[in-house]
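Here is a short report on one protein chain. Look through the structure first, then read on.

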Amino acid sequence: MTEEPCQCSDCQRFYKEHDRLIREFPTFKQQQELNWASIQSFRTLCSKVTNELQSQLSDRELNEDLSSEEKHISSIEITEALNELESVNAYLYSIEALMERIFDTKLSNNIESKFKEIANELAPDPLNVDRLILNRLFHQTPDFPDKKNH
Ligand SMILES: [Zn+2]
(Lines give C-alpha, C1' and ligand atoms only; values in the text may rest on other atoms or scores of the structure.)
Protein backbone atom coordinates (compact mmCIF):
# COMPACT_ATOMS: atom_id res chain seq x y z
CA MET A 1 0.00 0.00 0.00
CA THR A 2 1.22 3.49 -0.81
CA GLU A 3 0.93 6.23 1.76
CA GLU A 4 0.74 9.88 0.87
CA PRO A 5 3.38 11.86 2.73
CA CYS A 6 1.77 14.02 5.39
CA GLN A 7 1.62 17.69 4.46
CA CYS A 8 0.95 19.21 7.88
CA SER A 9 3.13 22.19 8.73
CA ASP A 10 5.34 20.20 11.13
CA CYS A 11 6.05 17.58 8.48
CA GLN A 12 6.69 20.16 5.77
CA ARG A 13 9.12 21.96 8.02
CA PHE A 14 10.86 18.64 8.65
CA TYR A 15 11.11 17.73 4.93
CA LYS A 16 12.63 21.10 4.17
CA GLU A 17 15.14 20.96 7.01
CA HIS A 18 16.03 17.31 6.34
CA ASP A 19 16.83 18.03 2.69
CA ARG A 20 18.73 21.20 3.49
CA LEU A 21 21.01 19.27 5.88
CA ILE A 22 21.73 16.68 3.19
CA ARG A 23 22.35 19.33 0.53
CA GLU A 24 24.62 21.50 2.69
CA PHE A 25 26.45 18.63 4.45
CA PRO A 26 26.73 15.95 1.77
CA THR A 27 29.72 13.97 3.11
CA PHE A 28 30.12 11.51 5.97
CA LYS A 29 32.66 13.80 7.64
CA GLN A 30 30.40 16.84 7.35
CA GLN A 31 27.49 14.89 8.85
CA GLN A 32 29.74 13.79 11.73
CA GLU A 33 30.73 17.38 12.44
CA LEU A 34 27.23 18.74 12.01
CA ASN A 35 25.71 16.22 14.41
CA TRP A 36 28.48 16.62 16.93
CA ALA A 37 28.05 20.41 16.94
CA SER A 38 24.28 20.02 17.14
CA ILE A 39 24.42 17.72 20.19
CA GLN A 40 27.02 19.91 21.89
CA SER A 41 25.05 23.11 21.37
CA PHE A 42 21.90 21.42 22.68
CA ARG A 43 23.85 20.17 25.71
CA THR A 44 25.48 23.55 26.37
CA LEU A 45 22.16 25.37 26.27
CA CYS A 46 20.32 22.80 28.43
CA SER A 47 23.06 22.73 31.09
CA LYS A 48 23.28 26.51 31.20
CA VAL A 49 19.52 26.87 31.69
CA THR A 50 19.56 24.06 34.28
CA ASN A 51 22.29 25.83 36.28
CA GLU A 52 20.47 29.12 36.02
CA LEU A 53 17.19 27.59 37.26
CA GLN A 54 18.94 25.78 40.10
CA SER A 55 20.53 28.97 41.40
CA GLN A 56 17.23 30.81 41.00
CA LEU A 57 15.53 28.14 43.10
CA SER A 58 18.17 28.20 45.86
CA ASP A 59 18.04 32.02 45.91
CA ARG A 60 14.33 31.74 46.64
CA GLU A 61 14.91 29.35 49.52
CA LEU A 62 17.35 31.81 51.09
CA ASN A 63 15.44 34.94 50.34
CA GLU A 64 11.65 35.09 50.60
CA ASP A 65 11.68 38.71 49.52
CA LEU A 66 11.55 38.50 45.75
CA SER A 67 11.38 41.16 43.14
CA SER A 68 8.39 40.88 40.81
CA GLU A 69 10.77 40.26 37.93
CA GLU A 70 12.01 37.04 39.55
CA LYS A 71 8.51 35.85 40.41
CA HIS A 72 7.20 35.41 36.87
CA ILE A 73 8.22 31.74 36.95
CA SER A 74 6.73 29.75 39.84
CA SER A 75 8.91 27.52 42.02
CA ILE A 76 6.78 24.50 41.05
CA GLU A 77 7.34 25.28 37.38
CA ILE A 78 11.09 25.50 37.97
CA THR A 79 11.20 22.23 39.96
CA GLU A 80 9.24 20.40 37.25
CA ALA A 81 11.46 21.79 34.51
CA LEU A 82 14.58 20.81 36.45
CA ASN A 83 13.35 17.22 36.71
CA GLU A 84 12.69 17.08 32.96
CA LEU A 85 15.98 18.73 32.08
CA GLU A 86 17.87 16.35 34.31
CA SER A 87 16.60 13.42 32.21
CA VAL A 88 17.27 15.28 28.97
CA ASN A 89 20.83 16.04 30.03
CA ALA A 90 21.39 12.36 30.84
CA TYR A 91 20.04 11.33 27.41
CA LEU A 92 22.17 13.93 25.64
CA TYR A 93 25.21 12.66 27.50
CA SER A 94 24.44 9.14 26.24
CA ILE A 95 24.05 10.41 22.68
CA GLU A 96 27.38 12.19 22.98
CA ALA A 97 29.03 8.91 24.01
CA LEU A 98 27.52 7.19 20.95
CA MET A 99 28.58 10.05 18.67
CA GLU A 100 32.15 9.58 19.86
CA ARG A 101 31.96 6.01 18.54
CA ILE A 102 30.65 7.28 15.21
CA PHE A 103 33.54 9.76 15.10
CA ASP A 104 36.01 6.85 15.19
CA THR A 105 35.00 6.04 11.61
CA LYS A 106 36.88 7.68 8.74
CA LEU A 107 36.01 7.01 5.11
CA SER A 108 38.20 7.24 2.01
CA ASN A 109 37.72 9.99 -0.57
CA ASN A 110 36.15 7.50 -2.96
CA ILE A 111 33.48 6.59 -0.45
CA GLU A 112 32.96 10.26 0.40
CA SER A 113 32.31 10.89 -3.30
CA LYS A 114 29.65 8.20 -3.15
CA PHE A 115 28.07 10.08 -0.23
CA LYS A 116 27.97 13.28 -2.32
CA GLU A 117 26.47 11.43 -5.25
CA ILE A 118 23.70 9.89 -3.13
CA ALA A 119 23.11 13.23 -1.34
CA ASN A 120 22.43 14.81 -4.74
CA GLU A 121 19.87 12.16 -5.52
CA LEU A 122 18.18 12.30 -2.10
CA ALA A 123 17.87 15.99 -1.34
CA PRO A 124 15.65 17.14 -4.22
CA ASP A 125 13.26 14.20 -3.81
CA PRO A 126 10.15 15.32 -1.95
CA LEU A 127 8.99 11.74 -1.40
CA ASN A 128 12.15 10.31 0.13
CA VAL A 129 10.99 7.27 2.08
CA ASP A 130 13.78 7.41 4.66
CA ARG A 131 12.89 10.97 5.48
CA LEU A 132 9.23 10.04 5.99
CA ILE A 133 10.22 7.30 8.42
CA LEU A 134 12.48 9.64 10.38
CA ASN A 135 9.79 12.25 10.60
CA ARG A 136 7.54 10.22 12.89
CA LEU A 137 8.99 12.11 15.87
CA PHE A 138 8.01 15.51 14.53
CA HIS A 139 4.55 14.45 13.52
CA GLN A 140 1.72 15.80 15.67
CA THR A 141 -1.16 13.52 14.69
CA PRO A 142 -1.68 10.03 16.17
CA ASP A 143 -0.95 7.87 13.12
CA PHE A 144 1.11 5.44 15.18
CA PRO A 145 -1.41 3.50 17.27
CA ASP A 146 1.25 2.05 19.57
CA LYS A 147 2.42 5.55 20.52
CA LYS A 148 0.23 7.46 22.91
CA ASN A 149 0.06 11.26 22.97
CA HIS A 150 1.70 11.60 19.58
ZN1 LIG B 1 2.43 15.64 9.58
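## Burial and surface

Buried means under 20% relative accessible area, exposed means over 50%, and partly exposed lies in between (1.4 Å probe, protein chains only). By that rule, 23% of the 150 residues of the protein chain count as buried.

This is a predicted model: local features need pLDDT of at least 70, side-chain atom pairs count only at pLDDT 80 or more, and totals for chains, interfaces and linings use all residues. Residues are numbered from 1 along each chain as its sequence is written, and side-chain values use heavy atoms, leaving out hydrogens and water.

The protein chain exposes about 11600 Å² (Shrake-Rupley method, 1.4 Å probe). Carbon and sulfur atoms supply 56% of that area.

## Helices

The protein chain has five helices and zero strands. Helices are DSSP runs of H or I with at least four residues; strands are runs of E with at least two; both are numbered from the N terminus.

Helix α3 covers residues 75-103. The expected span of a helix is 1.5 Å times one less than its number of residues.

## Packing

The buried residues of α3 are I78, L82, L85, N89, L92, E96 and M99. They pack against α2 (28-62). Contact means heavy atoms within 4.5 Å.

## Residue K116

K116 sits in helix α4 (residues 109-122). K116 is partly exposed, because its relative accessible area is 46%. Not counting residues up to four places away in sequence, K116 touches P26 and T27. K116 and F25 are 91 residues apart in sequence, yet 8.8 Å apart in space, C-alpha to C-alpha.
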